[in-house]
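Hi,

Here is the structure you will be working with. My notes on what turned up follow below it.

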Amino acid sequence: MRLIRLERQPSRVADDVRAALAALGRGDYFAGGIALAGARPLPDRPPIEAIVVMPTVVLVVIGVDLPDPAIRLEAPLTGQWKADGWPLVADGDVVNPAADALALADAVIERLRPDVPEHLPIATILAVGPFVEEIEQPPADLAGNVRVLFPTQNSLLAAIASLTPAPWPCTPAQARALIDTLAPDTGLTGDELAAEGFTVTEESATVKLAPVKPRPRRHRPAAPAAVPPIVPPAEVTMPVPRIAAAAPARAVPASAPVPWRPVAAIAVALVLLAVVLVVVTTGGDGETVTAPPTTTAVTPAPQAVAGIEFTKRASGTERTCAARAYGDLQARLQASGCAGMERGSFEATVDGRAVAVSVAVLTFGSDEQATAFKQLADTPGSGGIADLATETHQWPREPDTAGAAYQSAISGPAVRLVLAAYVDGQSSPDDPALLRAAGAALGVRIS
């Protein structure tokens, strides 16, 4: 992804948007493109956070500022938004904080549509901030072309993966023509556009040859490897509430900015004050209870499984799963939830080469849920679970998981997903050494 900074944007979350776009790094067919941060598609309106021209989709990114950070945000496109269970309300008839942003996005899309190649879809990203750990959208909204997210590299990749791409990519000439209407002085060359995934020839786009499909993230191996029995994760007893579908109609925005605030904010402050007083007055007589950290610091201690030694780089548990998933798996987890998740990152040596192994164990409320999730996870191109050591920067050398070997197993309501990739080179999903490492990791202990 090549980031071109134009005008400054008015929202507080704009800096996060630019940082997330820059973090996508070098471009390719899936994550390549040109991001115009601060583009002004409508001359009589302020600049928006970004317009991202990608080989198979155009993204209109608009910021939505929330009053405070949140752990969980319920964000239907129509209806009430809730931050950590508290409704976000404002004076007047505005439905939710996204009303103005959705209306602006519609106007921008209407302006762009004549200049965008006919086969290329245009999607909307509502970037919310200052920080939200988990965002829930109704399944009906996820079936459309609008995504609500806190902008990070992983959340952007997940949104891109879940959107319907064009049947074939736009050409460098088509991309340059669109970009020139928004920022005529970029001076992008054909080679620079080709480096960002715009590589299809004019002839193929004109005669509409067979569609060029994105490279899948992984392939299911032809035959499952012989592996030791799965070690089921510890039981988690806090279920994630399901979300209900909402009607896809959009609301008419108010004309002026609206100060959003959580209902009963003062009540929350009083409750917190009461908790502090209780802690102070109880002194040291009671036992202090602290919440366990999501990620645990790890002292490498090898464990041998099926003749392969695994050295742990990171491990941790989650009460929710959707925030760490991407692609179709994220959409499924947002709709149905999970009982909990455990992740671990390991390094192994197979045939003299260092291998990075990412393990995720997801626990569901029933065996039927687990079986349906595993079937989706085994489908090529359905997405996956983010690697913990990559998120927390605990790899001495960060591996490239493109082409990683994949294995999965199920034990009752628990599903284990494994990816294995070489640390120091390209990987192939049918590499025998990587398949052996992934198969052995189905029996590795995470905690």
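The buried residues of helix 5 (172–182) pack against strand 2 (34–37), strand 3 (50–53), strand 4 (58–65), helix 2 (99–112) and helix 6 (190–194). Contact means heavy atoms within 4.5 Å. Helices (H or I, at least four residues) and strands (E, at least two) are DSSP runs, numbered from the N terminus.

This is a predicted model: local features need pLDDT of at least 70, side-chain atom pairs count only at pLDDT 80 or more, and totals for chains, interfaces and linings use all residues. Residues are numbered from 1 along each chain as its sequence is written, and side-chain values use heavy atoms, with hydrogens and water left out.

Back to helix 5. Its buried residues are Pro172, Ala175, Leu178, Ile179 and Leu182. They cover an arc of only 130° around the axis, so they lie on the same side of helix 5. The arc is taken from the directions from the helix axis to the C-beta atoms. Buried means under 20% relative accessible area, exposed over 50%, partly exposed in between (1.4 Å probe, protein chains only). Cys170 counts as buried because its relative accessibility is 1%.

Next, the disulfide (a pair of cysteine sulfur atoms within 2.5 Å). The structure holds one. Cys321 is joined to Cys338, S to S 2.0 Å. The pair links distant parts of the chain, 17 residues apart. Cys321 sits in the loop between strand 14 (308–318) and strand 15 (325–326). Cys338 sits in the loop between helix 9 (328–336) and strand 16 (340–350). The torsion about the S-S bond is about 90°, so the disulfide is right-handed. Both Cys321 and Cys338 are buried.

Best wishes
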